[in-house]
Amino acid sequence: MARVSSLTPMAIVVLGTGALDMARRIQANFAQSRVHGLASRVNADIAYDDFGAHVRALYASGTPIVALCSAGIVIRALASCLANKGLEPPVLAVAQDGSAVVPLLGGMGGVNVLAREIGQALQVAPAITTSGELRFGQCLLAPPEGYALADIEQGKRFVSGLLAGETTRIEGHAPWLDDADLARADDARLAVRITPFAAHDEDSLVIHPRCVLAWIASDEDVEERMRAAMRAQGLSPLALAALAAPVRYMTSRSLEDAARALNVPLCFCDAPPFDTADAPGIALNVSDAPINAQSIGRTRGTLTVIGLGPGSAELMTPAARTALIAAEDVLGYETYVRMAGPFRDDQRMHMTDNREELQRARHAFELASLGRRVVVVSSGDPGVFAMAAAVLEALDKGRAAHPAWSAVKLAIVPGVSASLATAARAGAPLGHDFCVLSLSDNLKPWSVIEKRIAHAGEADLVMAFYNPLSKARPWQFDRAMEVVKQYRDPHTPVVLGRDIGRPAEALRIVALGELNSELVDMRTMVIVGSSTTRVVGDWVYTPRWYE
Ligand code: SAH
């Protein structure tokens with residue numbers, strides 16, 4: 001499991017407002033963390049209804065948990081999940097007043113490192129109880145970046161030996177152990193061995209430096225051939241630092257799959273980064289120390305177009321959140337870029353005016369073709385009147401002049417569109433056939449809009465209108481509704497959702513006959529029912545059947 005760092009998206013969980021200040025203080029040290037609060041009591045970044053169920057879901061998804069409540073509450077909530085030790089995220093209890101930091105679970109996931117960091121931020125000593133950690137001043141089974149533990153079970157036996165009073169030798173170069181409180185002896189039975197070679201030695205703590213670089217000159221069966229090449233030289237797969245390949249393989253699927261399976265980065269070079277004279281196909285180079293993969297060649301850039309959902313963090317998909325965490329550059333209309341934050345210092349924000357979509361898309365390709373991880377943000381879903389189409393249009397028009405754009409790894413991550421979010425708040429107005437229309441005539445003639453509304457009216461579709469009105473388009477909404485009224489009864493229910501999923505959220509249900517442009521603006525979603533759409537109490541729905 002990757003160790004926690006200040007970039008890990010932790011869940012800071014609070015039960016009431018009393019813990020909110022402390023939660024924000026901790027959050028300030030971990031840019032990607034979110035404060036989760038009980039919906040009925042606190043206004044936090046993410047709301048939950050049931051503490052136990054929420055904490056168990058976080059635990060199951062591997063999210064580090066910092067709970068600002070008693071250790072007992074957390075233990076009881078997670079009790080049913082603890083039988084299987086498996087991979088465990090760090091779990092800590094922190095006293096509401098910040099006077100105690102108690103690491104509970106996730107020793108291998110770095111809970112003690114996290115406890116020390118939080119302790120430092122709150123200026124209290126963390127309640128570390130792990131004997132190895134206390135005895136040696138660090139977790140011997142979690143070596144620093146650039147090194148990998150060969151075998152956890154072997155490692156635990158080694159640590160028990162040391163705790164029982166045995167001495168150890170160190171074979172190889174392990175600078176981080178200089179500060180560890182180890183009883184060393186040259187003739188010790190136990191040994192810490194730092195080696196890239198596979199070793200099955202009961203008496204050793206084997207740690208592999210990631211010091212092997214591979215040059216892949218042909219992209220067939222890469223994973224299989226890599227494993228065979230490592231095995232032939234007695235090297236552990238954990239000692240592999242990176243795969244390097246010729247630039248022409250930048251879009252190779254098999255190479256990408258192999259790098260993922262071997263859990264190493266992939267980089268591309270114009271020429272082999274070391275002498276590969278007698279090795280056709282795959283060549284390996286073993287260095288003395290861990291290799292920084294970022295210093296070799298360049299990586300394939302990525303461009304991910306995401307939808308943030310209508311506004312609140314809980315309506316953003318985990319896939320969009322993951323893309324934001326990985327992003328180096330974030331582009332978008334200023335409001336949406338801000339909504340996607342907070343960002344870390346190493347992330348660059350590029351905020352532009354809402355109208356410069358094509359230019360923004362080109363800029364995104366420029367950055368991604370330099371090898372950067374670029375995210376373009378839209379509100380709602382990126383494919384609904386938003387950036388995904390602009391990005392593809394830029395590629396369509398620009399790829400002949402910019403061949404590097406075609407090598408960019410492009411992905412579109414869906415989001416909850418405003419029509420769907422509004423519909424859900426109102427009930428199920430989109431429960432039967434519906435259509436989605438934009439009333440903006442900036443990029444299409446008004447005559448087309450009127451014609452489409454007339455056809456949708458005639459087809460008795462529910463209509464979801466985006467971009468209903470703006471200062472530059474003052475008369476269009478009323479005109480559009482005149483067309484609608486030719487096909488719909490004045491009693492037809494209309495749903496008006498304004499700022500759905502945002503703090504100022506407002507929902508109104510009106511009859512078509514009462515509707516006018518005073519009731520809508522640019523932040524409103526308008527859903528006009530069909531002939532079958534009905535109101536039941538506060539809800540609006542369109543039945544699934546049709547007569
Ligand atoms: N890609 C976005 C739509 C962009 S067009 C999506 O899928 O939701 C912008 C229009 O969407 C606005 O004029 C408004 O009609 C609607 N809209 C966007 N966010 C909204 C929200 N939170 N509440 C209500 N309407 C919203």
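**Around the ligand**

Author: A polar contact here is a pair of N or O atoms within 3.5 Å. S417 uses its side chain: a polar atom there lies 2.6 Å from an oxygen atom of the ligand. A418 uses its backbone, with an N or O atom 2.8 Å from an oxygen atom of the ligand. The protein covers 94% of the 540 Å² of accessible area that the ligand has on its own. Such areas come from the Shrake-Rupley method with a 1.4 Å probe.

This is a predicted model, where local features need pLDDT of at least 70, side-chain atom pairs count only at pLDDT 80 or more, and totals for chains, interfaces and linings use all residues. Residues are numbered from 1 along each chain as its sequence is written, and side-chain values use heavy atoms, with hydrogens and water left out.

Now the shell. It has 20 residues, and V384, S417, A418, M522 and T524 come nearest. A residue is near if one of its heavy atoms lies within 4 Å of the molecule. By class, 10 are nonpolar, 6 polar and 4 charged. Nonpolar means Ala, Val, Leu, Ile, Met, Phe, Trp, Tyr, Cys and Pro; charged means Asp, Glu, Lys and Arg; the others, Gly among them, count as polar.

Which domains supply the shell? Domain 4 (302-416) and domain 5 (419-541) each give at least three residues. The bounds come from an automatic or database domain assignment. That assignment also gives domain 1 (10-129), domain 2 (147-208) and domain 3 (212-287).

T524 leads on to a strand. Strand β25 (residues 524-528) pairs with strand β22 (residues 462-466) in the antiparallel sense, over 3 bridges. Strands are DSSP runs (E, at least two residues), numbered from the N terminus. Two strands pair if DSSP finds at least two bridges between them. M463 has V528 in β25 as its bridge partner.

Both strands sit in an open sheet of 5 strands, in the order β21-β22-β25-β23-β24, with mixed pairing. At the edges are β21 (434-438) and β24 (506-511), each pairing on one side only. Neighbouring strands of this sheet are turned by 20° against each other on average, direction ignored. The axes behind that angle are lines fitted to C-alpha atoms, and angles run from 0 to 180 degrees between N-to-C directions.

Technical notes:
Polar contact = N/O pair within 3.5 Å; in protein donor to acceptor, adjacent residues only side chain to side chain. Helix = DSSP H or I, 4+ residues; strand = E, 2+ residues; numbered from the N terminus.
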